[in-house]
Amino acid sequence: MRESQYSQIGIFDSGVGGLTVLKELYQQLPNESILYFADTARLPYGNRSPEEITQFVREILTWMADRGVKMVIMACNTSSALALETVQSEFHLPILGLILPGARAAVQKGRRIGVISTPATAASNAYLNAVKEIDPTAAVWQVGCPEFVPLIEQNRIRDPYTKKVATKYLEPLLARQIDTLIYGCTHYPHLESLLQEILPSRVRLIDPAKYVVTAAEQELEILGLKSSCLPLPTRFCVSGSPEKFAQASRPWLGYVPVVEQVSLPAIAAPTISLETLE
């Protein structure tokens, strides 16, 4: 066994949304040790520009690479949509995003596919393009949902206002008679019970978190990096308030985690020289 098999898998998100991916890792890859980072100081990501998102992702990946992670899962659809291809070419470690695994799963389930996501993910057309690349005949409709992430981070899932907002967001998709709905943000599975109250039972719900972890397992096996040992406790780090994240994550983890506050390195964007272009 190589030493890197014992290394952690890095996961990052803007907040508690990535805990849905963490849960899948616990279930599908119980022997893996995990480093979880939440960029809570800059939450939410969904209203940021592509340039800002890419810069944030570079800083997080540099910090994680310095800690010797063997793989990174971008547990953030906004980052996956706007920065994945760029950073995959800049970093020498496996980096997985959510879009393609989620799109593949949706095409296998239905023909009329709705996507709820942050405004940035919706504007990128990442899911639409991924679905169309897999199956050009599939119909896809997207809705940006700017209020969902703040409401979830504030643990207002059972608030009547949240149901009112969810109903408004889902109306145009229901008018299109969707048969499949993709959670285009890792926060949204936290709303599943609420969404099921609004959606017809025929609508199949796709959580890309499940499928990106399956892809991660396959990648680890191919690279010979899958752990067969007992895992270390998950390390939780945030850029904002450790106390706020610890309390916000309690309902999803079932306990109050120990959370560290860390400072990310300031990374300059790569410059393209004339020599590179020649």
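Colleague: Let's start with Val57: is Val57 buried or exposed?

Modeller: Buried means under 20% relative accessible area, exposed over 50%, and partly exposed in between, using a 1.4 Å probe and protein chains only. Val57 has a relative accessibility of 0%, so Val57 counts as buried.

Colleague: Before we go on, what kind of model is this?

Modeller: Residues are numbered from 1 along each chain as its sequence is written, and side-chain values use heavy atoms, with hydrogens and water left out. Local features need pLDDT of at least 70, side-chain atom pairs count only at pLDDT 80 or more, totals for chains, interfaces and linings use all residues, and the model itself is predicted.

Colleague: Got it. Which residues is Val57 in contact with, leaving aside its neighbours within four places in sequence?

Modeller: Val57 sits in helix α2. Helices (H or I, at least four residues) and strands (E, at least two) are DSSP runs, numbered from the N terminus. Contact means heavy atoms within 4.5 Å. With the neighbours within four places set aside, the partners of Val57 are Phe12, Met74, Ser79, Ala83 and Val87.

Colleague: And how far apart in space are Val57 and His187?

Modeller: In sequence, 130 residues separate Val57 and His187. From C-alpha to C-alpha, the distance in space is 18 Å.

Colleague: What share of the residues in the whole protein chain is buried?

Modeller: The protein chain has twelve helices and ten strands. One example is helix α1 (residues 19-28), whose buried residues are Leu19, Thr20, Val21, Leu22, Glu24 and Leu25. Those buried residues pack against several elements, including β1 (9-13), β3 (71-74) and α10 (208-223). Across the 278 residues of the protein chain, the buried share is 54%.

Colleague: What is the radius of gyration of the protein chain?

Modeller: The radius is taken over C-alpha atoms, and the globule rule is 2.2 Å times the number of residues to the power 0.38. For 278 residues, a compact globule would come out near 19 Å, which agrees with the value for the protein chain, 18 Å.

Colleague: How many disulfides are there?

Modeller: A disulfide is a pair of cysteine sulfur atoms within 2.5 Å. By this rule, Cys145 is in no disulfide, as the nearest cysteine sulfur, in Cys185, is 8.9 Å away. The sulfur of Cys185 is 6.9 Å from the closest cysteine sulfur, in Cys76, so that pair is too far for a bond. The count of disulfides is zero.

Colleague: Which two residues does a cis peptide bond join?

Modeller: Most peptide bonds are trans. Here there is a cis one with omega of about 0 degrees, and its proline lies in the loop between β2 (34-38) and α2 (50-66). The bond joins Leu43 and Pro44.

Colleague: What is the phi of Asn125?

Modeller: Most residues other than glycine have a negative phi. Asn125 lies in the loop between α5 (119-124) and α6 (126-134), and with a relative accessible area of 31% Asn125 is partly exposed. Although Asn125 is not a glycine, its phi is positive, at about 60 degrees.

Colleague: Then Asn155: what is its phi?

Modeller: Asn155 is in the loop between α7 (148-153) and α8 (160-175). At 44% relative accessibility, Asn155 counts as partly exposed. Asn155 is not a glycine, yet has a positive phi of about 55 degrees.
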